[in-house]
Amino acid sequence: MPLRLDIKRKLTARSDRVKSVDLHPTEPWMVISLYSGTVVVWNHETQMMVKTFEVCELPIRVAKFVARKNWIIVGADDMMIRVFNYNTLDCAHKFEAHVDYIRCLAVHPTAPYVLSCSDDMLVKLWDWDRKWACTQVFEGHTHYVMQIIINPKDNNQFASASLDRTVKVWQLGSKIPNFTLEGHEKGVNCIDYYSGGDKPYLISGADDHLIKIWDYQNKTCVQTLEGHTQNVSCVSFHPELPIILTGSEDGTVRVWHSNTYRLESTLNYGMERVWCISSQTGSNSVAVGFDDGSIIIKFGRDEPAMSMDSSGKVIWAHHSEVQQANLKAMGGEAEVQDGEKLLLGIKDMGSCEIYPQTIQHSPNGRFVVVCGDGEYIIYTAMALRNKSYGSAQEFVWSHDSSQYAIKENNVTVKIFKNFKQKTAFKPDFGAEGIFGGFLLGVRSSSGLAFYEWESAELIRRIEIQPKHVFWSDSGDLVCIATSESFFVLRYLSEKVAAARESKEENTEDGIESAFEVLGEISEVVKTGVWVGDCFIYTSSLNRLNYYVGGEIITIAHLDRTMYLLGYIPRDDRLYLGDKELNVVSYSLLLSVLEYQTAVMRGDFSLADKVLPTISKEHRVRVAFFLEKQGFKKQALAVSTDPEHKFELALQLGEVKMAYQLALEAESEEKWKQLAELATANCQYGLAQECLQHAQDYGGLLMLASTSGNASMVGKLAEGAEVDGKNNIAFLSYFLLGKLDKCLDLLIKTDRLPEAAFLARTYLPSQVSRVVNLWKESLSKVNQKAADSLADPGHYGNLFPGLQQALLAERYLRGATRVRPASDYPLIMPNEDRNVLEEAAGFEPDGEITDPEEVKSLAETLHVEAASEAPPAETQQLEEPASLKQELLLPVPPTDDDSAAPPPATEDEEDEEHVDPKQTQSVSSEEENEVKSEEEESEEEEDELESVSEAVQSGSRDDRLFSEALSAETEIVTATDPDRFIQTESSGTDKQETLSEAPPILDSPQEADVPEPSPSATDELVSFEHTAGPLLDLPIREQAFPDTTIEPLLDLLGDPVPFLTPVSLPEPEQEEPEEEPEQEELELEEPEVEEPELEEPELEGPELEGPAAAPPEKPDDDQPEILPEVEAPEQEVEDEEEEPPEDVDSEQDEEELDDLDLDHFELDLDAVDVNLDDDFLNELQ
């Protein structure tokens, strides 16, 4: 029968003509020498070229590795021998060795010798320890010497092949050959020694197309191999496999059996002529060189022919020699370490008649079968006596040692019992492979079929293509391994027996209920064995794992490919072997496997009996197994790892055990986890203690605030402040309403900008103090920026409503008290309260004064203007703005507040206080005031400049203050004190105030633009266009009829906090008849046509300017606004003829052309406070 060898191509490297190949003994490298004069090194594992040597321009006929020196020795047609270091790529040495082409080099395996042969018909010996001195010359050939080879059994002997048709055998130290082998009719090209110890053979190939096998002891030719059609260029005895490889110029590589000399295979890769073959000891790989490149072929399988029985006797085959080792004989003197090579006493059992490819013990260990060469031989395991034999491609044992099956071919399977044939059958879909075990498995193209051993009846056919099938000892479990994963199935023998009796479930695929799938694992199994219900296996990733209960446990990571031999329960160890026939072991407690098996079978009484036998260091593994199986209570009782026990206690809700473990561990993370568990179980006292151990201030604050524990919040605030947890301390004080503490904490931590904004919002009496501290701190960095900060004590005009805010502060300070959480349903929400209205009737004990009372000219004018207004309107202006603000301060309302009706909305107030007739009278008075304002402007301008210059000294390049202004503060700018307008919160008051301001004309060039005089108030409003005259013009307050102020806790009621749209009745708007002929910025609201003042009667009120509200019907909530008077327009016409005074004024007017003054709005939220480059340059 033919030798069954798998042949796979591992590497294909296309190149020029390859004259020689060699494999590195330890690295995955192949060196090739090319006819073009180049040497290349390939990595056949990564398929990458790793090194290249440009040697010469002539052909290089040989290149050899010298691994112990990290060299590559090269011989070329320039008669030179070169030595390269393959790590540094340097040429270590070169010399002229012959006077003709160098054909071959041979490196001595132990001595520092190199043999070379050449077309000069000489063989020379070189010693590199003597600086590459030529120590001997061998003469005797009469033609080119083509190849030399050193005898692996006698390193002092070598053979040479020559075109003089002879093979000569030489001895180092002798000038004449020992003998000459003659028999070829043409020149001999190649020779090789047989490395096995049983045959003194030498092989040669010649130009007569023949291969001859020589016995160099008898000096005779024992066999001639014919088959090649061209010159034979290379021959090789494989050092590991019983094959002979020959290559020819006919382009084929032929594989011959080294024992029977039968042609096993012919390989043709289409790469033209074959020039060289190289094999490596300890490897099944072979390198072949062609005209068009080189390839690496792998023959056979890597798995060694090894087997171990249940008692620990290991048997293996080395070539044809069978050897045995007994693990019992190791003794217990030294402790065995996991993964270490075992020192075994090896016993030679003799030579096998066939080349063993597989060796397998019978289940009881009494017999061992050897398969190979298409035959099988059954020996007794003790003395290796022949018991039975026959022809077979495959052999498998049954679970009963008295039965076995063989596959003679791809059609027939035979079953034997007691070494006699019992039955033979032909599977329906053929037999590509067979598997032993509790059932006989047959692989075919349709899948895997299981047959009963006794009757050969089909049990079940499964559509799967397995590589291995492993049965447990009990026959209940089976593992089917494929090329990508493995499946674990349970064999239901009772259902099979019932189905065979009833014959109801029998189908063409067998009994459907015969197997139950337990799991599928996406991992490739190379070898495996069952121990109880645990499946132990080695994976393709070189891991030693075992599978039990759906879980995979890794025993060890292997440093190389290993193959399972078996498990010895008395040693609690697994044994594995490698392809070099080394044996290693790993510890695996039998008690652990028994316990896991009992749990999987549901036999907990047995598991309880086994548990005491498991050592403490292995109980953690058992606990993890129990946890994954869902037995967490048992896992908690078994585990000895505190971390694992704590996790299990949390999962089971065992608070006391978790508390004890947390005390022992003193881990912050554990305390936090336990606090979560205690909170979930409503054990708030324990939760508080855990959070205190964990120093979790955030968790404590959450617990205290949600439970309504004010005293706990107070203690937390103090503790957090001491420990530097400023955020928690601030929030705690804030929740308690201790705003002074909040302010002091901000000042203490040097957060002065935040402190200023906090004081501005909640503690207006402290604003001056904080601003002074801010100035002092900021002056150390930038004096100009510090000077730009406005103090309400000096610039009261920039802080409207300060008196009302101070009153509200006093009111809240007296009304604040802590209420229990049970009162929450009775307390009015903060968003429904109006603190300014609540504080309106409050009468403090003393006078309310500013920190530094400075009454500006603008405030004086505002009071005078308010006194001249009608009584109803004056009352409306003095009332605080109706702001719905959400106060974070815990301000509980009085008992009357909950029962009081909600405050009137803005629309209701407008209807109560605004009358259309009053609006008309107000507008007429405004016309008179506009005229008087123009006359008095020159007198009051000097007074304002003094205030402006005081603030002007501040720096304009401080972004901190500008950003703060846009986020928290509101400042109203009016360069002309007479034109300062007090802004109120209600939409009606804003519209009335706008009607008092003089109109801004369509063209800025028509106005009498004064010299630009930027002031501090100008800077505080906007940092844009400061060089132009814009800031000297009167600027209106912008009204927001369709917006309301977002409740941002501002007690001052200023109009700048964030604006959000509110739903108001949308007024009807008149379509403009034509667009005004000027450059204007687009507005969100459509512009209305400016009415001519000559027409006294108008159908609807219209307002000029960008802040004008859209026209509305008289019966809407918004009052009518009368048109502006004509007087200011006449003044502008007179000023139109005046030319600009200088170049600066002309530039200012050009900048005004780009601005739409009619639609200029002072929305501080929309102002870009980033300083542009032009402005910074101007400051410099």
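Modeller: Let's begin with strand 26, which covers residues 274–279 and is mostly covered, with 5 of its 6 residues buried. Here, buried means under 20% relative accessible area, while exposed means over 50% and partly exposed lies in between, using a 1.4 Å probe and the protein chains only. Strands are DSSP runs of E with at least two residues, helices are runs of H or I with at least four, and both are numbered from the N terminus. This is a predicted model, where local features need pLDDT of at least 70 and side-chain atom pairs count only at pLDDT 80 or more, whereas totals for chains, interfaces and linings use all residues. Residues are numbered from 1 along each chain as its sequence is written, and side-chain values use heavy atoms, with hydrogens and water left out.

Now look at the partner of strand 26. Strand 27 (residues 285–290) pairs with strand 26 in the antiparallel sense over 5 bridges; two strands pair if DSSP finds at least two bridges between them. One of these bridges links Ser278 to Ala287 in strand 27. The two strands form a hairpin with 5 residues between them, and Gly282 in the turn has a positive phi of about 85°.

Strand 46 (residues 477–481) and strand 47 (residues 486–491) pair in the antiparallel sense over 5 bridges, and 4 residues join them in a hairpin. Cys479 has Val488 in strand 47 as its bridge partner.

Helix 14 (residues 752–761) packs on helix 15 (residues 767–779) at an angle of about 165°, with their axes 9 Å apart. That makes the two helices roughly antiparallel, a label for angles over 145 degrees, with under 35 being roughly parallel, 65 to 115 roughly perpendicular and the rest oblique. The axes are lines fitted to C-alpha atoms, for helices over the stretch in contact, and angles run from 0 to 180 degrees between N-to-C directions. The residues making the contact include Leu752 and Phe757 of helix 14 and Val770 and Trp774 of helix 15; contact means heavy atoms within 4.5 Å. Helix 14 passes helix 15 in a left-handed crossing, meaning that the near helix is turned anticlockwise from the far one by less than a right angle, while clockwise would be right-handed.

Helix 6 (residues 642–652) and helix 7 (residues 655–665) pack at about 150°, their axes 8 Å apart. Among the residues that meet are Phe646 in helix 6 and Leu661 in helix 7.
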